[in-house]
Structure formats: C-alpha cells, structure tokens
Amino acid sequence: MFHALVQQIQQASTVVLSTHRHCDGDGLGAQLAVYSALRKLGKTVWVLNPDLPPKKYAFLKTKEIVGVSGGETPGADLALIFDTNDRRLVEPLFGRLENSVKQIRFIDHHPTLANGPQPTAGSVIDTSAASTGEMAYQLIKALGVELDADIARALYTALIFDTQMFRYVKGDPRSHLMAAELLRFEREPELVHQALFATYTVEKMNFLAQSLASAEYFADKRVAFVRVRSSEARAQGLEPDESADIIDLVMNIRSVEIGALLREDAPGEYKLSLRSKRAPVLALAESFGGGGHPFAAGAYLTADADTVRARLLDQMVAIVMRGSA
Ligand SMILES: [Mn+2]
C-alpha cells in the first residue's frame, strides 16, 4: 500500500507534515509519529498545521514541534497530510503548500467525497483502518524505522483517540495487535488515557450538563438534537473542539440511533457534527457541504440555524424510519 510513497519519502530531503484544522489526537498523533520517524532517517521535517493543537496534547511536546501556518511556507520536496483527504479542511495552508512543495499526498482513512474535492494523485486512502495512526504505523514499518518511546506514544495516542479506547475498531484485530506492540515502548499508557479523556474542569462539566439538559429527542427518542454556542463554551474555558463531547455523550443513550450537534461559532456560522449507530450519515453531512466517516461525519456551514435544524430533523427522522420500515 505504501510502496510508491516510501520511494518518494526516501528521495525527499525536506518534508512538511500537516493535518486538518481543529486537529484531533489521531491526525496529530500520526503526524508526530512520522515526524520522529523521518528525523531518524535524517530528513529535515516541518510540522505545520492550519491552527494550534488543543492544549491537552501538550504531553506530545506539541509546543516544541508543531508550527502554525503564517504567511510563508517552507519549500519542500514532499508534504504529507494526515487524517483528511479534503483540502478544504487544510486551507489556507493547502494553497500555500501547492505553491511551495513539489508533491502533496494525503494519508487518510476517511472515504473520498462523492461531491467534493478529491485527494491528490498518489495519496493513500484506507477506509478499513480504524485510525490514521494505524496507517502511520504501517508507513513507519514500511520505511524500516524502529519504534521508540516517542513514536509509540504518538501512535498510541492516535489509536486510543480514534477507537475511543477500542470501542470503534471496525471489527478488526489490527488496533489491538498494534497496541500490544506499542506497549513495549509506551510504559505509561494510563498517562495517555488520562491526558485524552480525564481533562474536564468543573466549568466544562457544568457546560456539558446544561447542554445535555437542553437536548431534544424525536421519533421515540431515536433521534437526538443539541444546539450549543461556541461563545458560551469559551466563557466556561472550553476550547472549540471540546463541545464535541456532547454528541458522544448523547450517543451513549441506548435508544438514540442518530444524533446531531449544531455548534454556533459566529452568527450564521455553524459546525455540524453527526453520529449514527446503524444507518450511515455521511451522505447527510455531504448534503450540508461536509464529509467524514460513514457513522461519524460533519460539516462547516453558513446558514440560518432554524432552517438547518428543520432540514436536519426531517432527514434524521426519515433515516431512522427507513431503517425500521
Ligand atoms: Mn481519524
């Protein structure tokens, strides 16, 4: 799978590594693992992201390693972009890389979009991977680089984050097998678990509680809808990505099959997050101009919230009704 890419990496002397905006533990872990691996091969490597990583990832030395795209991007032989194949989620950095880097490749486990930008030629997309970290692990093996404590911690973070502690492994043992090998080098896995999941403040817990109390349920509580405002989350000290926990909490309700979180970032500007247990919601996310995984997808949209809510509820109720018909 990585044969052509390994050759390109071997020939490159300078490499830029990036991931999607509002990065998560998977994209960040994958890029930091490959950063360490490429440095071991003697490459000059820049980690350059569209925005700053959330503070909770400081245990991965993000402050020392991750740069944020300003005006100029370094010239390089190759850019690898992890955990997305949608260039829109890497802008405006992506456009700058097109001007300064000879080749750009995506390494990702999301399906390519039915109606949207396609990945660059030569990109590696594997939708059977439970995390992009799993693909980074395979790439590092294919490059012949030995694992070490830094690589293992970054890969373990990616794996644990995207599988949510092995809840979502796509019915495949690969995540567990990979973890078993990583744990020969990662001697404090519980530190990683806590850094990823035990990060709440009292203020954040209270914000989540308020938001959950305002959730609406439809179609025999099979459909859930929650609306939050970024400004209110920020006032409680949350970073933008942290309100996404609400949708995962709602999906812990047994009766809920489809959930939507509509986060207002600015008047008329929204981030939509969709989750589903049975019927795919990727097409629904794409109909709002977004993308993602079959059962966890989202979109950034500019719209009137009440219109979006009505359209969403119609579609979500239709999806669960179709499933039970
Ligand atoms: Mn991922």
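Start by selecting K61, which sits in the loop between β2 (44-49) and α3 (62-65). Those labels follow DSSP runs numbered from the N terminus: helices are H or I runs of at least four residues, and strands are E runs of at least two. Before going further, know that this is a predicted model: local features need pLDDT of at least 70, side-chain atom pairs count only at pLDDT 80 or more, and totals for chains, interfaces and linings use all residues. Residues are numbered from 1 along each chain as its sequence is written.

Now look at the backbone of K61: its phi is near 60 degrees, a positive value in a residue other than glycine. Most residues other than glycine have a negative phi. How many other C-beta atoms lie within 10 Å of K61? There are 15, so K61 is partly exposed. The cut-offs go like this: 20 or more other C-beta atoms within 10 Å of a residue's own means buried, 12 or fewer means exposed, in between is partly exposed, and the C-beta atoms are placed from the backbone.

Next, select E91 and P92. A cis peptide bond joins them, with omega about 0 degrees. Most peptide bonds are trans. You'll find P92 in the loop between β4 (76-82) and α4 (93-100).

Jump ahead to K221, in the loop between β7 and β8. Phi of K221 is near 60 degrees, again a positive value in a non-glycine residue. Buried or exposed? K221 is exposed, with 12 other C-beta atoms within 10 Å.

β7 and β8 (residues 223-229) run antiparallel and are joined by 3 bridges; DSSP must find at least two bridges between two strands for them to pair. Click Y217 and look across to its bridge partner in β8, A224.

Finally, zoom out. The protein comes to 13 helices and 12 strands. Its radius of gyration, taken over C-alpha atoms, is 20 Å, close to the 20 Å from the globule rule (2.2 Å times the number of residues to the power 0.38) for 325 residues, so it is as compact as a globular protein of that length. Of those 325 residues, 43% are buried.
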